[in-house]
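Colleague: I would like to learn how to read a structure of this kind. Please take it feature by feature.

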Amino acid sequence: MMKNTIKDNIDNPQQLEILFNADKKGFKKSFLEIYPEISDNKISGFWKTRLEFGSLHEESVIIKKTDILFLIITCAIAGLLIKIPQIFNIGLIDFLFYEKNAGLIVLLGLSIYAFLTKESIKARHLVIALVVFVISAVYINLLPSNSESNSINLAYLHLPLMLWCLYGLIFIDFNTKDKIKRIDYIKYNGELAILMALIAITGGILTGVTIGLFEAIGLRVEEFYFNYIVITGMVSLPVVATFIIRNYPFIANKIAPVIANIFSPLVLLTLVVYLVSIIVTGKDPYNDRDFLIIFNLMLLGVMAIVVFSISETSLSKRQRFNEMTLFALTIVTLIVDLVALSAIIYRLGEFGFTPNRTAVLGSNLLIFGNLVLIMIDLYRVNFRNKQISKVELTIARYLPVYTLWTIFVVFGIPIIFGLN
């Protein structure tokens, strides 16, 4: 299957790139086997050089000293910024420093590292990023420190999502026309989440052991360790994980597809059981506000898993079980979203518009539209013999919609509903 697909698309660089990114190992094996048949094509020579170099590079990883230096610089900047409350004696509870700035600092660290590790930096891109971060920092810190305001809390929550979109632009070199780079960004985020979870687990074990060892000799280091090691480590974690992905790409490439293939059927089973349990227990999302909030959080999580699983589905051979699982998971998730939407609309009719209901309604409508497009594409994949790469392109095209929505929530909702 992969061999024939490569032959059919040998003059289509975009499709070859999609095939390669979907399954690097399978693509390499198939390409090198059929290379004698397609060696006359200039593109074939390029791919042969690229794949052989990639193989050599994987066996002997060479990390530049500058990469390590950039990692240290970025972590130091992020660590220094997160310690501003201690440096300037700012009241964390009164000013809500972490609520306002933690996400901003993390995304700033990732963006700094991305710029530092680029082969060349375009001044225009750097200026755009700098302006957005400065405006965001000034805006979010000038908002009243009112944890009771729904509009302000929504701004706190959505600002990191808006900056995540900016980081995506930096990641793809501001090339908004190249959908393949958007797909790469989606895959990178999945790999980043997996590596961060693994590092966090390891860090948690190290923290427990360290505190236990010092406690055994009569020293209590919990407060110091948390304030200076744990907090700094948390804001540095995404950068460290990105460093690993950049320099050891074969690690994430091997782990991510396995995680995706395991979790998709498990999430589908869990979701079906959960929906049945809702009916059996008589839980009512229409009148139970807390349950509706949990319901929507679950929906966001499942949506993320759907997107990640699609981006990691292999093209080396038709994985019918995985494709059918994703199709079924998308349908079930759509049902969940419809229930959530009906509950939100019901509550809007009963109680009117509020910042939270407006934000939840908008996000659910966006997810619903995205899921419908994904479901249509997955139907074509399963029953019309289309390639899974079409689904990836659909997801990539939809990303700007989420960007516009986060901008509206951060700046628009506080204006419309006020800051009280």
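Colleague: Is Thr394 buried or exposed?

Modeller: First, the ground rules. This is a predicted model, in which local features need pLDDT of at least 70 and side-chain atom pairs count only at pLDDT 80 or more, while totals for chains, interfaces and linings use all residues. Residues are numbered from 1 along each chain as its sequence is written, and side-chain values use heavy atoms, with hydrogens and water left out. Now the general idea: buried means under 20% relative accessible area, exposed means over 50%, and partly exposed is in between (1.4 Å probe, protein chains only). Thr394 has a relative accessible area of 12%, so Thr394 is buried.

Colleague: In which helix does Thr394 lie, and what does Thr394 touch?

Modeller: Helices are DSSP runs (H or I, at least four residues), as are strands (E, at least two), and both are numbered from the N terminus. Thr394 lies in helix α17, residues 389-417. Contact means heavy atoms within 4.5 Å. Leaving aside residues up to four places away in sequence, Thr394 touches Leu373 and Asp377.

Colleague: With which side chain does the side chain of Thr394 make a polar contact?

Modeller: A polar contact is a pair of N or O atoms within 3.5 Å; within protein, one must be able to donate a hydrogen and the other to accept it, and residues adjacent in sequence count only if both atoms are side-chain atoms. For Thr394 the partner is the side chain of Asp377, at 2.2 Å.

Colleague: What does Ile395 touch?

Modeller: Ile395 is also found in α17 and is buried, with a relative accessible area of 4%. Not counting residues up to four places away in sequence, Ile395 touches Ile186, Val307, Ile310 and Ile374. Ile395 and Ala22 are 373 residues apart in sequence, and their C-alpha atoms are 14 Å apart in space.

Colleague: Why is helix α2 described as largely enclosed by the rest of the structure?

Modeller: The count of buried residues settles that. Helix α2 covers residues 13-22, and eight of its ten residues are buried, so α2 is largely enclosed by the rest of the structure. The buried residues include Gln15, Leu16, Phe20 and Ala22. Gln15 itself has a relative accessible area of 9%, and Gln15 touches Asn9, Gln387 and Ser389 when residues up to four places away in sequence are not counted.

Colleague: How do the axes of α2 and α11 cross?

Modeller: Two packed helices are described by the angle between their axes and the distance between the axes. Axes are lines fitted to C-alpha atoms, for helices over the stretch in contact, and angles run from 0 to 180 degrees between N-to-C directions. The axes of α2 and α11 (residues 179-216) come within 10 Å and cross at roughly 10 degrees. That makes α2 roughly parallel to α11; angles under 35 degrees count as roughly parallel, over 145 as roughly antiparallel, 65 to 115 as roughly perpendicular and the rest as oblique.

Colleague: Which residues of α2 and α11 meet?

Modeller: On the α2 side they are Gln14, Glu17, Ile18, Asn21 and Ala22, and on the α11 side Ile180, Asp184 and Lys187. By class, this contact has three nonpolar, two polar and three charged residues. Here Ala, Val, Leu, Ile, Met, Phe, Trp, Tyr, Cys and Pro count as nonpolar, Asp, Glu, Lys and Arg as charged, and the others, Gly among them, as polar.

Colleague: Where in α12 does the kink lie?

Modeller: The bend at a residue is the angle between axes fitted to the seven residues ending there and the seven starting there. In helix α12 (residues 222-247), a kink of about 45 degrees lies at Ser236, shortly before the proline Pro238. Among the buried residues of α12 are Ser236, Leu237 and Pro238.

Colleague: What is the phi of Leu96, and what is that of Asp173?

Modeller: Phi of Leu96 is near 55 degrees, a positive value in a residue other than glycine. Leu96 sits in the loop between α7 (92-95) and α8 (97-116) and counts as buried at 8% relative accessibility. For Asp173, phi is near 60 degrees, again positive in a residue other than glycine. Asp173 lies in the loop between α10 (150-171) and α11, and at 36% relative accessibility Asp173 counts as partly exposed.
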